[in-house]
Amino acid sequence: MHNMFEPVSSKVSFPEVDRRILDFWQEKRIFERSVEERKGAPLFVLYEGPPTANASPGVHHALSRVFKDVIPRYKTMKGYCCPRKAGWDTHGLPVELEIERELGFSSKADIEAYGVANFNAKCRESVFRYVREWDELTERIGFWLDMEHPYVTLENSYIESCWWVIKQLWEKGLIYQGYKVTPHCPRCGTSLSSHEVALGYEETDDPSVWVKFRVANRAVKYLESFGARSDLPTYLLAWTTTPWTLPGNTALAVAPKADYAIVEVEIDNRKERLILAEALLESSLVHPYKVLGTCKGIELMGQQLHQEGVEYEPLYRVHDEPYKSFELNLQAGKPRRGENFWLIAGDFVSLGEGTGIVHIAPAFGDVDFEAGVRNRLYFVQPVDEQGNMKGNPLFEGRFVKDADHVIIGDLEVRRLLYRSETIRHTYPFCWRCATPLLYYAKPSWYIKTTAKKESLISGNEEINWYPEHIKRGRFGDWLENNVDWAFSRERYWGTPLPVWRCQDCGRDDCIGSIEELKAKPGLSGLEEPLNLHRPFVDEVSFECPECGGRMHRLPDVLDAWFDSGAMPVAQWHYPFENEEKFRESFPADYICEAVDQTRGWFYTLHALSTLLFDRPCFRNVICLGHILDAQGEKMSKSKGNVVDPLTILNSHGADALRWYLITSSPVGNVRRFSVELVGEGLKRFLLTLWNVYSFFVTYANIDKYDPRTTSNISYKAELDCWIISELNQLIENVTKALDSYNPTDAGRGIQEFVEDLSNWYVRRSRRRFWKSESDADKLSAYATLYHCLLTLSKLLAPLTPFVAEEIYQNLVRPFYPNEPESVHLAQFPAADLSQVDEQLIDDTHLAMKISSLGRAARSKAGIKVRQPLAKVSIDVRSEGESQGIERVKSQLVEELNVKDVEVTVRPPPAEATAGTVGPVVNIDTVITPELADEGTAREIVHRLQTMRKNAGFDIADYIVTYYQGSEAIKRVISGFAPYIKQETLSRELSEGIPTDAYQESHKTAGEEMVFGVKRTARAG
């Protein structure tokens, strides 16, 4: 029995194709076999960045998962073994905030009252709440991943590996507890790392105030030598955008070498004197002023040890908050000199804005804190960890941003406010809960990444970044400006910090494993079954080896980014087991996420690997741009512009979504996204490919074509040689693009080929497939198109795996049962460059270009392409172009429907530019009666072919054509009868129309005519 291709309709439901292929993959275990059948082959390792499954996935998750899928599929077809382990990120603030919202909590106090055990139990329950949706998305988009054996960051084994990592860093002296300014979220009650802060900058409006600090009377006398007098109050003028920090002020900073002016101003009929940088007088002062004298910043400071210089009265005394002193290592102390503070020197003082005098509050901001350390200032903290003011009834209990207007109003009443405006600038907000961050001085645990800065930078040189500019740009800059990683969090649901401290002698002990913990003397509180989370691990204590006191765990948990950065070791529970698996999979060959991960997962992976092993843990990384909506806005739930990927998958299919995400923009660029844009890509590429596939199968089945009969055919027809040249060139280009981690160029190259295959090869070859006899030329056309489609299925397999599988199954499996059962188990095509005829490619592209220009000339003249013309005249710019046109003249005659092609070589004018040089095409618009009749015959054929479809005839049905019309119509039909019969499969052309024929009336060339068609018999 003759093998047949499964019939393929030109109407296709790609979601239905997806379902069919997904069933096939599952039934035949294709993914599992793609790994199993390549055991022993070189490994290609993907590290999967763990998503958090406590919320529904969005289109941006589909983006990264598609790009993660493409490269391992390609490498599998290139002969590698590509196991792909899934992972789930289950700890951290995102989970906690979700539960807080559900329970209606607004602070950590609510959690403490509810009970940490109950709260963490809720967190544990929630982390897999949407895992079914994630699994569905992963499966539906064709992302092959081992979801049966994922790593999960909440498991004891994962936590134990994280403890081991910390112990290794501890023993290398890379972990310390430091009193530093950290970006603090008052809502979440914890610090953020610098890479988290980078995720949350937004434009916001803040106060912009010029504040007067009154100079002490004794200091005014000191200033008399510079022009001041003691008869009027004198003030130092400082500028700030954070009025709420003013109660924490303990110094003012000046630029030592800058010039400062003492000026007299009159405000509301009151004269007073102000001191500020001379260079900023015009920008700062809004009242007329008179300069009384000038001095350097160093002179303003004076000699404080001799109590000579400018001291000033603080704006506020925070009476309920004891002063601390950097001189006393931030222990409680008292001011040394009454109520006044002094000026300090600051190389950070700018003369580009403000007043040249900077307000210093050591409790807030890195610069202020460091100035406090360097100058042994007093430390006042008038804000609690919830961001509420304290220490003064005026603003007690107010959130810092709400206290701004109260403080401004108070200063105005006390005549200490010179100016007040509003400034729009960028400010960091918590990327999780959108609360303004406070740069808050407090103790935190740090990883000393700065100690390995050079190793981090040199290791980055070993990594291939796509796009390449990220390497020394966004990521390289981040490493160059590296700061120590604040990795502890004052929260509840996370990997516990494995540090125990003695309550008596203060000794710290870092625990690196469960076994180590169990071996501690006097251990208590460790219960089975083991749960390493809070509050259970908080109950564990043991005896201090130094003094015999009790050691208790410090309450912090780890930054969830630490969990994900530790995945190279923790996913295998290394070093406690799977040592060989870890070593095989380290470093990874490939990772992929969006550009924000340069300061997130990409960084934590690189940092921990460098600190542990002194080498990078990934070799290649695709860094994706973000997805925006169709208007260019960033997608967010609050804006209501997030697109559910399942709606796209259900309407357009997985390959349409994948194709758009892959080809719409280069990897590092942003992508505008909408359902309409996905639909445009589907029409332009997938439907074009499908129509070529449907065309081939339809005619191949009519002619009972068997690809085995032409497996060794040699290509002789010019069209065949051209498309085979293009195909091999395509294979070469796609291979290079995918080897360079560039799926976008690979996809765009395939799309251009498919457009040429459809619009040039198939269209120009149609008559070869219509011929009734199976001559050598027809067989060559079938063999050529079969080879193109089969090769395309393999080239497309990593990019559009569903359509690729569908085409492969139909073209290969009925005829070659011993071939791989799936396209994804097949080998990727290899280019045969000996079959590439570059001259033929160039000539054909020239023919395409001239044909396009000729059709444009016809359109401008209002002459249809079906109307033959006498000739076309082509002016070319070189002899080479002329020779090329001679070689493709027969194609131009057919394409432009002309009887002759005339070529003239005309060198371009001297003033011509590169963009204006090219062929010039002119058509002969004179239509003779003979040409008009031929045009009418072609129009009649077109109408009859449309009628065949309208009548529901099969493409292979033979018909009888009936007609009635004017003498002119009869003359045309009689004169072109053989042509009309051949083109329409008409056995007869009969005058007069029977009642049982399908009929239509038409008007052609001004003549009325009626046609009827009736089926006679099928071919063969």
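**Close-up views of a predicted model**

**View 1. The lining of the largest cavity.** Val-165, Gly-565, Ala-566, Pro-568, Val-569, Leu-605, Leu-608, Ser-609, Leu-612 and Phe-613 form the lining of the largest cavity. Two elements, α20 (567-570) and α22 (601-613), each give two or more residues to this lining. Helix α22 gives the most, with five residues. The largest cavity holds about 50 Å³ of space. In the structure as a whole there are two cavities of 30 Å³ or more. The model shown here and in every other view is predicted.

**View 2. The largest nonpolar core.** This core has 130 residues. Six of them touch the most other members: Ile-622, Phe-673, Phe-696, Ile-750, Leu-785 and Leu-811. Helix α25 (residues 675-702) supplies the largest share, 13 residues. In soluble globular proteins, nonpolar side chains tend to be buried together.

**View 3. The surroundings of Phe-673.** Phe-673 is among the core members that touch the most others. Which residues are in contact with Phe-673, leaving aside its neighbours within four places in sequence? They are Val-59, Ile-627, Leu-628, Asp-629, Ala-630, Met-635, Val-643, Ile-648, Leu-657, Tyr-660, Leu-661 and Val-678.

**View 4. An open sheet of three strands.** The strands run in the order β19-β28-β27, and their pairing is parallel. Strands β19 (464-466) and β27 are the edges, each pairing on one side only. On average, neighbouring strands of this sheet are turned by 20° against each other, direction ignored. Strand β28 (residues 620-624) pairs with β27 over four bridges, in the parallel sense. Ala-594 stands opposite Leu-624 of β28.

View 5. Most peptide bonds are trans. The bond from Arg-534 to Pro-535 is cis, with omega near 0°. Pro-535 sits in the loop between α18 (514-518) and β24 (541-543). Phe-586 and Pro-587 are also joined by a cis peptide bond. Here omega is about -5°. Pro-587 belongs to the loop between α21 (579-584) and β27 (591-594).

**View 6. Asp-268, a residue with positive phi.** Most residues other than glycine have a negative phi. Asp-268 is not a glycine, yet its phi is positive, about 50°. The residue lies in the loop between β8 (259-267) and β9 (270-277). Is Asp-268 buried or exposed? Asp-268 counts as exposed because its relative accessibility is 62%, and the cut-off for exposed is over 50%.

**View 7. Asn-897, a residue with positive phi.** Asn-897 is not a glycine either. Its phi is positive, at about 55°. The loop that holds Asn-897 lies between α32 (889-896) and β32 (898-905). Is Asn-897 buried or exposed? Asn-897 counts as buried because its relative accessibility is 4%, and buried means under 20%.

Key. Residues numbered from 1 in each chain as written. Predicted model: local features only at pLDDT ≥ 70, side-chain atom pairs only at ≥ 80, totals over all residues. Heavy atoms only, no water. Core = buried A, V, L, I, M, F, W, Y, C linked by side-chain atoms within 4.5 Å. Buried < 20%, exposed > 50% of the residue type's maximum accessible area, 1.4 Å probe, protein only. Contact = heavy atoms within 4.5 Å. Pairing = 2+ DSSP bridges. Axes fitted to C-alpha atoms, helices over the stretch in contact; angles between N-to-C directions. 1 Å grid on protein atoms, 1.4 Å probe; cavity = no way out; pocket = protein on both sides within 12 Å on 5 of 7 lines; lining within 4 Å. Points joined across faces, edges and corners; volume = space filled by probe spheres on them.
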